[in-house]
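Q: Please take a close look at the pockets of this protein. I would like to know what lines them.

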Amino acid sequence: MTFPQPIGRVEVDQDDIISVTAPSARSLRLTGIGAGSATLSVYGVNGALMTETQVKVGRASSASAGTEEGRLTSADRVVAGEQVVAVDVQFAAISTSTLQALGFNFAKLSGDLQGAVVSPSTLNSFKFAPGGSSIDASAPIQNAFNLFLSSPNRGINAVLSALSSNGLSELLAQPTLLVRSGEQASFLAGGEIPVPVPQASAGSGSAISIQYKEFGVRLSVTPFVLSKDNIVLKIAPEVSELDYVNGVQLQGYVVPGLRRRSAETTVELGSGQSFVIAGLSYSSQSVTRDRTPLLGDIPVLGAFFRRQQNQKERQELVIVATPRLVGPVQAASMPPLPGASTDAVTSSAPTFGVVRR
């Protein structure tokens, strides 16, 4: 039952007939717990009566755990407790990884004084000779944009490499969850890690048992079917990952910590409509610096003798959920499964004739 205004108070004149819960501030969910009739009165936050409905509970049908759940009827609505909702969920991880790298090679190989600055992992070979020195070096970063500067008259050669790259997005999972109205369904895309737990023992030592902790992307959904065009959906996404920086040492074992980001929200929408949840993000940054000893410490000019690489990674989880009302399908209406319509290959045994002489 949905209302145009927030609900302030609910009254039921008979006990043990119906139970009333409020999935949202403007909706109620009625469940039959016993046969009979009851009057439901709903008041607004200002105390005014919004509706007064006579609810009848018919013959109760047996449900799980030995409880009784009945069908509720009124003059203009039917609320059944066996509605099944299929929730189509899509998990997408949008990764914005930015890698910036700089490399610099410099060579002065003419005149009385010769010198060179070569980035790490780019020097192939070098040779000293009475007529002069020679250096064989590759570009500082092979897959980068390379800028060359040369002065043949002065014997100066310089190479500057610059690189910047970005990451892309990835679809992690696309499950479909089937759940009854009012019950909870969950999905986990991740794994479990073994965690050693010391156990008290009577001897001098202590025994260790293993407990498994889940991590990854978890989603819990609880739908409440109010009508065909009104489905209240409680959704609770959670992202957890291993954190070895904040781990602990336990008898020679490294037990990692768990970094968690979670949210919980409630939306109301119709069958087949979608909504998006975003904002569960994580970012990390690392900086690598290389420099030439002594030369890299010179003010201003020392910047030509340093190499710095900045790598920043940021991932954001985007969840798209679409609830749909579903029902049973007759066996005759089921489409054929893949491969079922393929003609069976039959083989017959060869026959041999008998020749009489």
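Which strand gives the largest share of the lining of the second largest pocket, and how many residues does that strand supply?

A: The model is predicted. The strand is β25, which supplies 4 residues, the largest share of the lining of the second largest pocket.

Start with that pocket as a whole. The second largest pocket has a volume of about 300 Å³. Its lining comprises 17 residues, and those closest to the centre are V217, V239, E241, R261 and Q315. Several strands take part. β19 (185–199), β20 (207–227), β21 (230–250), β24 and β25 each contribute at least two lining residues. By class, the lining of the second largest pocket holds 9 nonpolar, 4 polar and 4 charged residues.

Now turn to the largest pocket. The volume here is about 410 Å³. Its lining has 19 residues, with F104, A303, F304, F305 and R306 closest to the centre. At least two lining residues come from each of β11 (98–108), β16 (156–165), β24 (275–291) and β25 (306–326). Here β11 gives the most, with 6 residues. The lining of the largest pocket divides into 10 nonpolar, 4 polar and 5 charged residues.

The leading contributor is β11 for the largest pocket and β25 for the second largest pocket.

Key:
Residues are numbered from 1 along each chain as its sequence is written. This is a predicted model: local features need pLDDT of at least 70, side-chain atom pairs count only at pLDDT 80 or more; totals for chains, interfaces and linings use all residues. Side-chain values use heavy atoms; hydrogens and water are left out. On a 1 Å grid over the protein atoms alone, a cavity is a set of points where a 1.4 Å probe fits but cannot get out, and a pocket is an open set with protein on both sides within 12 Å along at least five of seven lines; lining residues have an atom within 4 Å of a point. Grid points are joined across faces, edges and corners, and a volume is the space filled by probe spheres set on the points. Ala, Val, Leu, Ile, Met, Phe, Trp, Tyr, Cys and Pro count as nonpolar, Asp, Glu, Lys and Arg as charged, and the others, Gly among them, as polar.
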